[in-house]
Amino acid sequence: MTDTNDPMANVDSAGLTQATIPPSKEVTATSPVQDANLYQLATLSIHADDPLNILTDVAPPLHVSTTFRYASDPSQLRPFRPADRPGAPIFPHQETPSEHCYSRLTTHSTSRFETILTSLLKNPCVTYSSGLSALHAFLTHLVPKRVSIGAGYHGCRGVLRLHTRLAGTTVLPLDCADDDLHRGDLIILETPINPTGLALDIAHYAKKAHDRGAYLCVDSTFAPPPLQDPFVQGADVVMHSGTKYFGGHSDMLCGVLSVRKDLALPGGEGGKEGWISRLIEDREYIGAVMGGLEGWLGVRSVRTMELRVTRQSETATKLVRALSQALDGVSGEETLLNEDERTVIGKVMQKVQHASLQKRDLEDGWLRNQMPGGFGPVFAITLKSGDLARHLPSKLRLFHHATSLGGVESLIEWRTMSDATVGTDVLRVSVGIEHFRDLLDDFLQAFRALIADFDL
Ligand SMILES: *Cc1c(COP(=O)(O)O)cnc(C)c1O
């Protein structure tokens, strides 16, 4: 291909200096359309990457190239040697958005995706090939001697086991004694937590960590924006499996680390950009980057996140309310269900768990402060027996029986399939964007089918 029929040939990198600097260099937004003080989440999701839109396309183009041509003007060639250019951005494209070198470092799509995420999470973000690779990268960065971690997603414990093998890390329970923690140690808090969707108090664990010179990393996968912002309660690092709500369509793997703006490296070196710069540098060698297609899907998907997540949260909370009212025998105008429907639920179900049912914590105030945008779209139901739980998914028409969560499609999982630590009577429900009443009716018809089969 000659330069004349290459659309990028018309992009003069020197002429693009008006474009903004992507997230990894500057912590504060440099373009008004990236500024969370000026625009709401729904708007930032659509426009935060406008400054990186170097072509006339309205929809982001799909770039799959692993390598990128250098400037054709010899005077524009600036060798990539960060050590020779103190203070310069880590990546050349931070000065000119058309400049990328090799896709293990940066690509057009992933840079756009990270730019949007940085605006949405209000702190610098780095993406990875999956949620677990993000956690692995973070542990490699911090190398904590001790990690305090509770129940929750079993995969995170798996990463910790690898890390223990490499670095001799001591794993402590989440509620370890305060003085078991020392300077540079880490608390990993998942909230809302797998598989129940129950919430834990972030501010409590932030204080516990900080009083001891340790750090708090919150796995916020179950409550993406606009549901909660763990930085407000004191988190140092927020991790997401972007595979879930950022992706939102069950078709891409992604991990995200977001680092509080003002964190210095352990020991104080590095200044305010210490953590994020080193994470980006490390990622070049860990190699766990999103592919070009995934980066593109990320941009495509995060545009609608606010709509999807708000609806999913509302529908989940309404379903939980209907089911719990039936179990508590609430009748009258308060409930959406008639007496026959309440009886059906009572015959099959034992319990429903979700943050919206944490009455004492809601009265206490911390839970509402922590989740101002609504509760998570995942909850757990416990049936009257393991056998009923094993059979429920095959009776449902609208819920796919599959692991994972966060997509537009509702999912249910007999949780023992993928997590041996959970009782065999427990099912995890991930609510999609279908209509609330259709989902509730699907539960009712499936419960009726179980009642018939099991002669209840
Ligand atoms: C799915 C999940 C992960 C792991 O993310 P992957 O993208 O599957 O690697 C981590 N934490 C939580 C809470 C999850 O749900």
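Me: In this predicted model, how far apart are the axes of H3 and helix H4 (residues 154–167)?
Reply: Two packed helices are described by the angle between their axes and the distance between the axes. For H3 and H4 the angle is about 35 degrees, and the crossing is right-handed. The distance between the axes of H3 and H4 is 10 Å.

Me: Which residues of H4 make the contact with H3?
Reply: From H3, the contact takes in Leu 132, Leu 135, His 136, Leu 139 and Thr 140. Counted over both helices, the residues divide into six nonpolar, four polar and no charged. On the H4 side they are Gly 155, Cys 156, Val 159, Leu 160 and His 163.

Me: At what angle do H3 and helix H6 (residues 274–286) pack?
Reply: The axes of H3 and H6 are 10 Å apart. Their crossing is right-handed. The angle between H3 and H6 is about 115 degrees.

Me: How many residues of the contact of H3 with H6 are charged?
Reply: H3 brings His 136, Ala 137, Phe 138, Thr 140, His 141 and Leu 142 to this contact, and H6 brings Trp 275, Arg 278, Leu 279, Asp 282 and Ile 286. Six of these residues are nonpolar and three are polar. The number of charged residues is two.

Me: Which helix and which strand each supply at least two residues of the shell around the ligand?
Reply: The ligand is surrounded by 15 residues, and the closest are Gly 131, Asp 219, Ser 241, Thr 243 and Lys 244. The shell divides into six nonpolar, six polar and three charged residues. The two elements are helix H3 (131–142) and strand S6 (237–241).

Me: Is the crossing of H2 and H7 left-handed or right-handed?
Reply: Helix H2 covers residues 108–121 and helix H7 residues 292–302. Their axes come within 7 Å and cross at roughly 35 degrees. The crossing of H2 and H7 is left-handed.

Me: How many residues of the contact of H2 with H7 are nonpolar?
Reply: H2 contributes Ser 109, Thr 110, Arg 112, Phe 113, Ile 116, Leu 117 and Leu 120, which meet Gly 292, Gly 295, Trp 296, Gly 298, Val 299 and Val 302 in H7. Five residues of this contact are polar and one is charged. The nonpolar residues number seven.

Me: In which loop is Lys 122 found?
Reply: Lys 122 is not a glycine, although it has a positive phi of about 60 degrees. The loop that holds Lys 122 lies between H2 and strand S1 (125–128).

Me: Where is Pro 195 found?
Reply: The peptide bond from Asn 194 to Pro 195 is cis, with omega near -10 degrees. Pro 195 belongs to the loop between strand S4 (186–190) and helix H5 (202–211).

Me: What is omega for the peptide bond that joins Pro 225 and Pro 226?
Reply: Pro 226 is found in the loop between strand S5 (215–219) and S6. The bond joining Pro 225 and Pro 226 is cis, and its omega is about 10 degrees.

Conventions. Residues are numbered from 1 along each chain as its sequence is written. This is a predicted model: local features need pLDDT of at least 70, side-chain atom pairs count only at pLDDT 80 or more; totals for chains, interfaces and linings use all residues. Side-chain values use heavy atoms; hydrogens and water are left out. A residue is near a molecule or strand if one of its heavy atoms lies within 4 Å of it. Helices (H or I, at least four residues) and strands (E, at least two) are DSSP runs, numbered from the N terminus. Ala, Val, Leu, Ile, Met, Phe, Trp, Tyr, Cys and Pro count as nonpolar, Asp, Glu, Lys and Arg as charged, and the others, Gly among them, as polar. Axes are lines fitted to C-alpha atoms, for helices over the stretch in contact, and angles run from 0 to 180 degrees between N-to-C directions. A crossing is left-handed if the near helix is turned anticlockwise from the far one by less than a right angle, and right-handed if clockwise. Contact means heavy atoms within 4.5 Å.
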